[in-house]
Each structure stands twice: as C-alpha cells, then as structure tokens.
Amino acid sequence: MSVSLREAVLEFRRDGRIVIVGASLAGLRAAEALRMGGFTGSLTLVGDEPDLPYDRPPLSKQVLLGRARADGTTLPQRNGVDAQWRLGTAATGLDPTAKRVRLADGEELEYDRLLITTGVRARPWFNAAEAALDGVFTVRTSADAARLERRLAAGPRRVLVVGAGFTGSEIASACRERGLEVTVAERAGAPLVGALGGVVGAVAADMQREHGVDLRTGIMVTALEGDSGGRLQRAHLSDGTSLDVEVAVIALGATRNTEWLAGSGLAAGPRGIACDAGCRAFDVQGIVTDDVFVAGDVARSPHPLFDYQFLSLEHWGNAVEQAGTAAHNMISIGPDRRAHLWVPTFWSSQFGVNIKSVGVPNMGDEIVVTQGSLAERRFVAVYGYRGRIIAAVAFDQAKWMEFYREQIEVRAPFPPDYATVDRRPGGIRPVPAEFPDPSLPSHGATVTLTGHDPSERRVQFTPARA
C-alpha cells in the first residue's frame with residue numbers, strides 16, 4: 001500500500017463519518033468492531049424501532065413460553081459504543097452521489113461510508129383487512145412477541161399457525177408446551193420442507209403430531225373471518241373446511257427491508273441487497289461501490305464454497321460474522337480487506353428436540369443418514385450435491401456439526417465413506433432429499449477454504465473431479 005493510501009486510511013479512521021442504517025444485531029456488532037478496529041470518527045446508528053438492539057431468537061422460544069420478557073432481550077454492548085443513536089426514526093431514502101441518508105423526520109445524515117443492516121420483517125397476511133383483525137399476529141419484533149405472549153397467556157381455545165417453517169414450528173411447540181390446542185396449516189407436504197427437505201420434514205411431521213399438533217399439510221388458509229366486533233373467529237381452508245380459532249399466527253417467511261432504497265441506484269430488491277464477498281454493495285449496473293457496505297439478513301453475497309451463488313442468510317451467526325467483516329473492510333483498503341467466508345450454521349429448539357444445521361441443505365439433491373436413525377429422531381443427515389458434501393443437519397446430535405463444517409470446507413466427497421454409514425444390501429443409502437422446486441446453481445467451481453484464523457482464511461482453487 002502506498003504512503004498516500006496509508007495516510008488516507010489513518011485520516012479516515014480518525015476523522016471519518018460512518019452511518020449505520022439498521023440498529024440491529026449486525027448494526028451493533030459492526031459498530032463495536034469499528035471502535036475496536038481503531039475508528040474514532042463520527043458514528044451514527046439509525047433504527048426504525050424505539051428499542052436498543054435486542055436478540056431475536058428468544059422471541060419465538062423463551063418469550064412465548066413466558067420464561068423471558070420481551071423487553072429483557074437487549075443485547076449487551078461490548079466495551080460500550082461511542083455513537084449517536086437515532087432510534088424510532090426510519091431511513092426513507094439514500095442519495096449515494098451526495099452521500100446522504102434521508103430520515104422519516106426530514107433530516108438528512110451525511111456520511112463518508114455507509115453500512116446497511118436493515119434486516120427483514122415478517123411477511124404479512126395477504127389481505128390487509130383480515131390482517132387487522134384482533135387475534136391475527138406475526139412474530140418478528142420484540143413488541144410482536146410481547147403482544148402474542150399476552151394473548152397466549154390468556155388461554156385461547158385454539159391457535160392457528162399458518163406456515164410450518166422454523167418460526168411456525170417453534171410457535172406451535174410453544175403453544176403445546178403451554179397446553180394450548182394448535183393447528184398448523186402448511187401448503188407443502190411436511191414441516192421444514194423448504195429448509196431441510198422432505199426426508200427430514202417427514203420426521204418433523206411425526207414429531208409434531210405425536211406432541212398433539214393438529215398438523216394439516218398440502219393445504220392453505222384462504223381467508224380469515226372476524227365477528228362484528230372485529231375479533232378473529234374463523235379460518236377458511238383450501239379443502240373447503242373451516243376452523244374456529246381465536247388466534248392466528250402468520251409465519252410465512254420474511255420480506256427484506258429494501259424499499260427505502262428505491263431510486264438509489266443500488267442493486268436492492270425483494271431478495272436483498274447484492275454485495276461482493278467483502279460486503280461492498282453493487283449498483284444496478286453490477287459495479288461494486290466502495291463507500292456503501294451491507295451486512296446481516298438484508299445482504300445477498302456470493303460464497304465461493306457454494307458455487308458463488310448469492311446467499312441471503314437469516315442466521316444469527318451470519319449477521320455477527322458479516323458485520324465484523326464489513327466493519328473491518330470499511331476502515332481498510334486493498335490487501336488488508338478480507339472476504340466473508342462464514343459457513344452457514346443454524347439452530348432451532350422445538351418439541352424437546354435440538355435441531356442444528358451447517359452448510360446450505362437446500363442446495364442438496366441427495367441425503368444420507370450418517371449417525372443415529374430417523375426413527376429414533378436422534379440422527380445426523382448429510383446432504384450431497386454433485387458428488388460433494390454440501391450440508392448436514394442434526395436432531396439431538398449437535399456435537400457432530402463442527403466435524404461436518406470441516407467436511408464442507410474441504411469439499412469432502414458424497415456419499416461419505418464413514419464406518420457409521422450402513423452400506424449392506426438394504427442398508428441406508430443416499431436418497432433424494434425431496435426439496436420443493438429446487439434452485440439449481442449455474443456452474444460448479446471447485447473451492448477449498450484454507451487457514452485457521454478467520455482473518456487469514458483464503459480460497460484455494462483445485463482441479464475439478466471427473
């Protein structure tokens with residue numbers, strides 16, 4: 001790096017202006033990393049919620065069970081953050097040329113570098129009038145969880161959960177643990193199918209039904225009906241039946257918060273904001289910017305280990321790791337910058353079972369059980385794609401996940417040749433993973449991650465296997 005570039009970096013670290021839009025987990029961790037990295041300039045965090053950054057995973061777990069207060073999940077600030085907080089004020093526009101962020105109150109914030117960590121919001125019920133009925137909920141924010149917990153504590157006769165992904169399944173689990181009758185409506189053939197496939201989804205379906213969930217698959221909720229007072233009283237299903245319910249929780253996934261970037265020229269849309277592996281945002285022409293960065297749930301970044309597909313990951317660990325990478329790169333230049341090479345990891349707790357995954361299961365086209373058994377619901381299942389291990393999921397076998405993360409990183413062959421895999425005639429063999437409408441990668445690079453320290457990790461290209 002030339003002397004002039006080094007001086008510019010030092011000057012920016014000392015006197016630069018950074019704005020972070022999104023007072024989230026990623027936003028907070030980025031702010032901490034900036035200060036720990038030597039940035040002493042102006043730092044402003046903008047958030048549309050009035051609360052300081054809080055932890056979201058407990059909302060659909062401990063909070064709905066009444067074991068934690070929704071306002072008790074505030075994230076600790078490591079070493080404190082010397083920053084100006086603009087909470088309860090949403091960002092409404094961005095002018096990258098003038099380097100200004102426009103806020104809902106009309107104020108404009110100037111920046112030298114911008115980090116966007118606006119995350120996602122719960123996808124609402126499609127009918128606005130029905131969504132406004134008393135008794136219809138989504139769960140994404142602290143306030144959402146607090147309102148739903150109060151309603152569950154009041155003991156409704158029946159709860160309807162629309163959608164059996166991870167959030168919907170965790171909500172159903174909380175309802176059953178509280179002794180509430182719950183119906184889950186899922187248009188796919190089983191719970192968790194979109195994330196883990198039909199083989200594992202069938203295990204999740206049996207688990208729900210054995211815990212007393214009225215699970216209805218291959219079915220959709222077509223309408224929600226209220227009484228004369230605007231209170232939810234009935235749900236209508238696609239098979240022509242109806243269901244009397246007092247509470248309906250809409251768990252149909254998330255929408256990324258990118259609308260405020262309309263007209264900004266950034267490559268932002270419903271699937272997130274496209275950025276490079278160094279967290280720098282792309283513009284609509286596919287040209288990378290050098291002063292706008294992205295991290296967390298709202299980011300779409302290419303991962304060399306997963307065929308350079310742009311991955312949008314709603315994972316706690318990804319938000320933390322990507323925020324650290326973005327912060328480092330914002331106050332670095334050239335060879336000092338590093339890539340975000342975190343291997344996706346996710347966990348869930350439902351119906352007394354700890355579920356953990358590593359890698360990208362829904363890229364897999366085959367699956368094989370390598371430890372335990374599906375029947376016992378204590379197992380590890382490994383996903384394969386084009387002859388290599390792409391992911392693994394564990395039910396009450398989390399101790400194996402670090403091993404499989406390493407297998408994914410070195411592109412270990414699939415099916416795995418482990419002693420635990422039964423290869424006798426009639427034994428356990430790879431079978432289709434049964435994902436609905438799988439998304440096929442466009443090409444197959446051969447990549448291995450190297451290095452042990454996160455700051456030293458690199459990618460190494462190796463000859464593709466025949």
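These are legends for a handful of close-up views of the structure above.

The model is a predicted one, so keep in mind that local features need pLDDT of at least 70 and side-chain atom pairs count only at pLDDT 80 or more, while totals for chains, interfaces and linings use all residues. Residues are numbered from 1 along each chain as its sequence is written, and side-chain values use heavy atoms, with hydrogens and water left out.

**View 1. An open antiparallel sheet with 6 strands.** The order across the sheet is E24-E25-E28-E27-E26-E29, and the pairing is antiparallel. Strands here are DSSP runs (E, at least two residues), helices are runs of H or I with at least four residues, and both are numbered from the N terminus. For two strands to count as paired, DSSP has to find at least two bridges between them. At the edges sit E24 (345-350) and E29 (431-432), each pairing on one side only. Further in, E26 (residues 366-373) and E27 (residues 378-385) run antiparallel and are joined by 7 bridges. Look for Val-368, whose bridge partner in E27 is Val-382. As a reminder, side chains in a regular strand alternate between the two faces of the sheet.

**View 2. Helices H5 and H8 against the strands.** H5 (residues 166-177) lies across E24 and E25 (353-359), running at about 25° to E24. H8 (residues 401-409) packs on the sheet and touches E25, E26, E27 and E28 (388-395). The direction of H8 makes about 165° with that of E28. Touching, or contact, means heavy atoms within 4.5 Å. Axes are lines fitted to C-alpha atoms (for helices, over the stretch in contact), and angles between N-to-C directions run from 0 to 180 degrees.

**View 3. Strand E11 between two parallel partners.** On one hand, E10 (residues 158-162) runs parallel to E11 (181-186), with 5 bridges joining them. Arg-158 has Glu-181 as its bridge partner in E11. On the other, E11 pairs with E12 (residues 214-217) in the parallel sense over 4 bridges, and Ala-185 stands opposite Arg-216 in E12. Two right-handed β-α-β units show up here: E10, H5 and E11 make one, and E11, H6 (residues 193-210) and E12 make another. Right-handed means that, with the strands pointing away from the viewer, the path from the first strand over the helix to the second runs clockwise. E11 has 5 of its 6 residues buried, so the rest of the structure largely encloses it. Buried means under 20% relative accessible area, exposed means over 50%, and partly exposed is in between (1.4 Å probe, protein chains only).

**View 4. Asp-112 and Arg-17 in a salt bridge.** Their closest N and O atoms are 3.1 Å apart. Asp-112 is in the loop between E6 (108-110) and E7 (113-116) and Arg-17 is in E1 (residues 17-21), so the pair ties together parts that are 95 residues apart in sequence. A salt bridge is a side-chain nitrogen of Lys or Arg within 4 Å of a carboxyl oxygen of Asp or Glu, and the structure holds 31 of them. Asp-112 counts as partly exposed at 22% relative accessibility, and Arg-17 does too at 30%.

**View 5. Arg-178 meets Glu-149 in a salt bridge.** The N to O distance is 3.0 Å. This pair links distant parts of the chain, 29 residues apart: Arg-178 is in the loop between H5 and E11, and Glu-149 is in H4 (residues 142-153). Arg-178 is partly exposed at 27% relative accessibility, whereas Glu-149 counts as buried at 18%.

View 6. Arg-234 is partly exposed at 23% relative accessibility, and so is Glu-225 at 26%.

**View 7. Arg-35, buried yet without a salt bridge.** Arg-35 is in H2 (residues 25-36). The nearest side chain of opposite charge is Asp-82, 4.1 Å away; Lys and Arg count as positive, Asp and Glu as negative, and His and the chain ends are not counted. Leaving aside residues up to four places away in sequence, Arg-35 touches Thr-40, Gly-41, Leu-43 and Asp-82.

**View 8. Arg-388 in strand E28.** At 2% relative accessibility, Arg-388 counts as buried. Its C-alpha atom is separated by 8.5 Å from that of Pro-416, 28 residues apart along the chain.
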